Amino acid sequence: MTGPGRSNNRRTEEQATPRMLVFACKWCGLIGADGAGKKRIPLPASFRVIPVECASLVEPDAVIRALASGISGVAVLGCHLGGCRFNHANHAAMKRLELLKTLLDAVGIGGKRLLLAFGTAHEDHQYAEVINAFFEELKALPSTAPWMY
Amino acid sequence: MSKVAVLLCRCFGEVDGVIDLDALRKKTEEDVSVAFSCVVDSLCLEVDIEKPLSLIRESGAEKVVIGSCSSLGKGDAVVETLVREGIHRSRIGLVDLREGCAWIHRDDPQGATDKALNLIRMEMGALSYRHGSDDVTIRVCPEAMIVGAGPAGLSAACALSRLGFKVHLLERGSGPGGMLNLISHVYPSDEKSGDKIKKYSEIVEKNPLVSFYSKVKILSVKGFAGDFKVHISSSEGEKKLRVGAVILASGARVWLPYGLYRYGKLKHVITQMEMERQFLREPVPIKKAVFIQCVGARNKDRPYCATICCPSSLKNAARIKDENPDARVFILHRDIMTPGSVLEAYYRKALAKGVQFIRFEETNPPEILGDEHVEGVEVFDVINGRKRMLDCDLVVLSTPLVPNDDNAKLADMLGVERDRYGFFSEIYPLHPLETRMDGVFICGSARWPVSSDQAIMQGEGAAVKAAALLGKDAVSALSLSRVPGEKFGHASVNAEACTGCGNCAAVCPFEACRLQKMGGRSVSRVNKMRCKACGNCVSVCPNGAIQLPEHDYRAVGAMIKKAFAEETIS
């Protein structure tokens, strides 16, 4: 991984194709991802999906770690509120991650780099819309420089 | 160091057409931890999986990374094939190269190939930190507890005792029957409710497998599916029960319309239940009656339809007509709700008998006239747009069923969820009659207001669901999954690292985590039978003492680290 010595050109390039990490709940976001694949909806290649059993499994540390390692944005896709397989687990997750957003704002990383989609990425086209919209939003933000790892 | 086998699937050109699989194979083989990497036409076909399987056996690879379609495609089936070959589930990583990569990046083959390499490296990184959860097996106590001896509870008790299970039937009142004790006839069969209940009560009384407890108060419920420990007090004194399953059939209560239509102030303004009581004692010939529907229902406070009030009014209106064909009976309604062929026929029957229907609007409710007793009802008929004066001497108000007052307490004790109105909620829509708590089932009006017929049906349904659990000798924690296959895992605590802060116990939606004294300090303990592996506890643990072995924080870290490794395939 390039350190502080990388050129400015490189960083502009990155800005054009932001890197995105998606935590997709197996019961919602991942079904949307599967549907988008089956419909063959073209999406930018620079995002990676980590399947999780529930959105509440996404640790705030993991989000911070991802942003610190140079990833431009993290999306968490979970089930709609009230539709969680695990009672109120996604409620708790949303509260926690919303709090993390304000925290990211406070430290200057920017809360915009964390996208929370609860129940809005369940279907193929919805999933594609969420990914594309977040992608556009990240393009407008300055690229991040890794300072850990 | 255990070696990894990488199996890549062409999917007959579906993946191969976009991702350069041969370059990917070469690139993955460079890794020291990779035993071998091979490309096959389709992993989901038996002919093609033979070769990689023999290669795995020869090379002694312990872990497998599959690069094929998504888990919802054929991915899970491929994993199952490998599990059958004796490779543990936690040692298999599935990478979605078709839906998640090739099919959505058709216009960017280079990007797709780079992504595929990263995804495979991510999965390899994660595999080195993934473990399987320890399972725990408990013996199932083949007894059931049924809360409430109304039609739902009685039919559940009959069904379970027929299947040979011991049943503890608890009743708040003094005898079986529930709400059927309060009404004279049941719709739509117009059968005497006493007769209906008699058949069930007889079976329950005669069957030695059913023990009936009256005047019951539930003091505490502890435990999990297969082994609940219940403490009750009944007319025979306090008792401790051990049961494998709980069926909640505690019913609902009738809402009393104080403050509406001058109920309680004016003589002869009665509720449907009072009308039933009158019929139950001795029917008095009624000459002129008006039924008002949706009293306190389908409004701002209770936006739901209680489903039973329309057919009940039809039943009683028709009964008045039967006894006195000259009687004038009006039903003032906002909509007559009689879905299905049976109830619609019931409505038509009442219509044919001469019951008259007038529709009014919520904003313009009927008004009751009279100072000491009812003299008439004034109603604005929305269909002909005129005000009508109805001469009558009896007004019957149809009120909805509302949840029992002790539902909240019962729900807390059992770990069951309630809906926004206070009824117990099932897992809608895939698992009817089941609650979020394994081993606890709901039926009858405790779930939602239903007729006695439906309550009986639901009781039998809940009984069969309970029997599916009670029929097992033993049940393992991982098998308590509502989807085909096993549960994802369950959380485990590193007792040395745990500081006993209690964060996990506070957030657990299933009350599986709790603090326990151990060597002079508090340590979190996870009840594996209750844990559903949502991971809330993992996210709030300040020092990573609680972990899901299948989803270790180090595995996530490894995935994040490898997600955008700056390496391209040329």
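This is a predicted model: local features need pLDDT of at least 70, side-chain atom pairs count only at pLDDT 80 or more; totals for chains, interfaces and linings use all residues.

User: Why are α3(A) and α15(B) called roughly parallel?

Analyst: Their axes cross at roughly 20°. Angles under 35 degrees count as roughly parallel. The pair α3(A) and α15(B) is therefore roughly parallel. The helices are residues 60–68 of chain A and residues 553–563 of chain B, and their axes come within 10 Å.

User: What is the handedness of the crossing of α3(A) and α15(B)?

Analyst: The crossing is right-handed.

User: Which residues make the contact between α3(A) and α15(B)?

Analyst: From α3(A) come Ala62(A), Arg65(A) and Ala66(A). From α15(B) come Tyr553(B), Val556(B), Gly557(B) and Ile560(B).

User: How many residues of each class does this contact have?

Analyst: There are five nonpolar, one polar and one charged. Gly counts as polar and Arg as charged, while Ala, Val, Ile and Tyr count as nonpolar.

User: What is the order of elements in chain A?

Analyst: From the N terminus, the elements run α-β-α-β-α-β-α-β-α. That gives five helices and four strands.

User: What share of chain A is buried, and what makes a residue buried?

Analyst: Buried residues are 56% of the 149 residues in chain A. The label needs under 20% relative accessible area. Chain A exposes about 6,300 Å², with 58% of that supplied by carbon and sulfur atoms.

User: What share of the contacts in chain A with a separation of 6 or more comes from residues 24 or more positions apart?

Analyst: Such residues account for 81% of those contacts.

User: Why is Arg40(A) called partly exposed?

Analyst: Its relative accessible area is 33%. Buried means under 20% and exposed means over 50%, with partly exposed in between. Arg40(A) sits in the loop between α2 (29–38) and β2 (47–52) of chain A. Its phi is near 55°, a positive value in a residue other than glycine.

User: How do you know that Cys11(B) is buried?

Analyst: Cys11(B) has 16% relative accessibility. The cut-off is under 20%, so Cys11(B) counts as buried. Phi of Cys11(B) is near 55°, positive in a residue other than glycine. Its place is the loop between β1 (4–9) and α1 (21–29) of chain B.

User: Why does Thr28(B) count as buried?

Analyst: Its relative accessibility is 2%. That value is under 20%, so the label is buried. Thr28(B) belongs to helix α1 of chain B. Beyond neighbours within four places in sequence, Thr28(B) is in contact with Val34(B), Ser37(B), Leu117(B) and Ile120(B). Contact here means heavy atoms within 4.5 Å. Thr28(B) and Ala5(B) are 23 residues apart in sequence and 9.9 Å apart in space, C-alpha to C-alpha.

User: Is His431(B) buried or exposed?

Analyst: Its relative accessible area is 15%. With the cut-off at under 20%, His431(B) is therefore buried. His431(B) lies in the loop between α11 (407–414) and β25 (440–442) of chain B. Leaving aside neighbours within four places in sequence, His431(B) is in contact with Glu426(B), Lys465(B) and Arg482(B).

User: What is the omega of the peptide bond from Tyr187(B) to Pro188(B)?

Analyst: Omega is near -5°, and the bond is cis. Pro188(B) is in the loop between β8 (185–186) and β9 (191–192) of chain B.

Terms used: Residues are numbered from 1 along each chain as its sequence is written. Chains are lettered from A and ligands numbered from 1 in the order in which they are written. Side-chain values use heavy atoms; hydrogens and water are left out. Axes are lines fitted to C-alpha atoms, for helices over the stretch in contact, and angles run from 0 to 180 degrees between N-to-C directions. Helices (H or I, at least four residues) and strands (E, at least two) are DSSP runs, numbered from the N terminus. Angles under 35 degrees count as roughly parallel, over 145 as roughly antiparallel, 65 to 115 as roughly perpendicular and the rest as oblique. A crossing is left-handed if the near helix is turned anticlockwise from the far one by less than a right angle, and right-handed if clockwise. Buried means under 20% relative accessible area, exposed over 50%, partly exposed in between (1.4 Å probe, protein chains only). Accessible areas come from the Shrake-Rupley method with a 1.4 Å probe; for residues, only the protein chains shown count as cover.
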